[in-house]
Amino acid sequence: MEFYKYQGTGNDFVMIDNRSGEWDGLSIDHIQQLCNRRFGIGADGLIKINTAEGYDFEVDYYNSDGSKSFCGNGARCSVAFAFFLDVFEGRCRFIAIDGEHEAEIHSGIVKLKMGDVKTIFSDGNDKVTDTGSPHYVKYVEDLVNYNVFAEGNSIRNSENYREKGINVNFVEKITDDEIFVRTYERGVEDETYSCGTGVTASALTFLQNNDLISVKVKTLGGNLKVYAEKKGDAFENIWLEGPAKQVFKGKTDLI
């Protein structure tokens, strides 16, 4: 199987051109094998680019454990990959597990339109929302030294979230228009260098209480930016912007 490897602010993915349908039958075992960092290619997730009637392409995303979800950085990398494959020029419309998206790419920077967010719930002092995947947002201090794995794992496996799982984001304010975010991701069951839907969820909770239309977001893997329009308690016209880069290509045997 021919594959490509892409990364978006350190969130890395095995990318497969499946427009022919050749890899429709890829199993969960295969996905886990390919994403394994010791015995496979190694990645946070695997993405198949499929054909989709009425759209430029479909993003078929799998976490490294084989579970399905929407992934913001994975979607941005998919846009970069589809652009590389000459599927579209400049702007595109694609379908993913959470619905339709628009995106544009310029000089390796992908700007992705996210779905509208109708509600941000409170869980004690923390926030919970869905930006294509469910997210828990907790504001902390000294985030660079925070035990993201232990605290994230504890919240993700707590009674309220154990069954369906939730991504857990820890956020620290840097300036009046910039935050630092670290994320424990369900499906990966570890901290990742960046999480696009998590960055978006965190940015929206920050924008809730600030008179801004955009916020800069620092992650371990690089910098992103989120734009949004506040409509009462909801957010519309949400865009996630940042780099997406091809790392390498190769061939592998499936066992």
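**Burial, contacts and cavities in a predicted chain**

Colleague: Where does F235 lie?

Modeller: F235 is part of strand β16, residues 234–243. Strands here are DSSP runs of E of at least two residues, and helices are runs of H or I of at least four, numbered from the N terminus. This is a predicted model, in which local features need pLDDT of at least 70 and side-chain atom pairs count only at pLDDT 80 or more, while totals for chains, interfaces and linings use all residues. Residues are numbered from 1 along each chain as its sequence is written, and side-chain values use heavy atoms, with hydrogens and water left out.

Colleague: Why does F235 count as buried?

Modeller: Buried means under 20% relative accessible area, exposed means over 50%, and partly exposed is in between, with a 1.4 Å probe and protein chains only. F235 has 2% relative accessibility, so it counts as buried.

Colleague: Which residues is F235 in contact with, leaving aside its neighbours within four places in sequence?

Modeller: Contact means heavy atoms within 4.5 Å. On that rule F235 is in contact with D116, V117, I120, L204, L207, Q208, A228, E229 and K230. As for L112, 123 residues away along the chain, its C-alpha atom is separated from that of F235 by 15 Å.

Colleague: What makes K113 partly exposed?

Modeller: K113 has a relative accessible area of 23%, and therefore counts as partly exposed. K113 sits in strand β7, residues 109–113. Beyond its neighbours within four places in sequence, K113 has contacts with H101, E102, N237, I238 and W239. K113 and G40 are 73 residues apart in sequence, and their C-alpha atoms are 32 Å apart in space.

Colleague: Why does D44 count as buried?

Modeller: The value for D44 is 7% relative accessibility, which is why it counts as buried. D44 is in the loop between α1 (28–35) and β3 (45–50).

Colleague: Which side chains does the side chain of D44 reach by a polar contact?

Modeller: A polar contact is a pair of N or O atoms within 3.5 Å; within protein, one must be able to donate a hydrogen and the other to accept it, and residues adjacent in sequence count only if both atoms are side-chain atoms. The side chain of D44 makes one with the side chain of N11 at 2.7 Å, and another joins D44 to the side chain of R37 at 3.0 Å. Not counting residues up to four places away in sequence, D44 touches G10, N11, D12, R37, Y61, N63, S64, V188 and T192.

Colleague: Why does E191 count as partly exposed?

Modeller: E191 is at 21% relative accessibility, and therefore counts as partly exposed. E191 belongs to strand β13, and its side chain makes a polar contact of 2.7 Å with the side chain of R182. With neighbours within four places left aside, E191 is in contact with V148, R182, T183, Y184 and L220.

Colleague: How many cavities does a search of the whole structure find?

Modeller: Two of 30 Å³ or more. On a 1 Å grid over the protein atoms alone, a cavity is a set of points where a 1.4 Å probe fits but cannot get out, and lining residues have an atom within 4 Å of a point. Grid points are joined across faces, edges and corners, and a volume is the space filled by probe spheres set on the points.

Colleague: Which residues line the second largest cavity?

Modeller: V181, R182, T183, E191, T192, Y193, S194, C195, T219 and L220. The elements giving two or more residues to this lining are β12 (178–185) and β13 (190–192); β12 gives the most, with three residues.

Colleague: How do the residues of the lining of the largest cavity divide?

Modeller: Nonpolar covers Ala, Val, Leu, Ile, Met, Phe, Trp, Tyr, Cys and Pro; charged covers Asp, Glu, Lys and Arg; the others, Gly among them, are polar. The lining of the largest cavity has four nonpolar, five polar and two charged residues. Among them are Y61, N63, E185 and R186.

Colleague: Why does the radius of gyration of the chain agree with a compact globule?

Modeller: The radius is taken over C-alpha atoms, and the globule rule is 2.2 Å times the number of residues to the power 0.38. For 255 residues a compact globule would have a value near 18 Å; the chain has 17 Å, so the two agree. Of the 255 residues, 53% count as buried.

Definitions and conventions. On a 1 Å grid over the protein atoms alone, a cavity is a set of points where a 1.4 Å probe fits but cannot get out, and a pocket is an open set with protein on both sides within 12 Å along at least five of seven lines; lining residues have an atom within 4 Å of a point.
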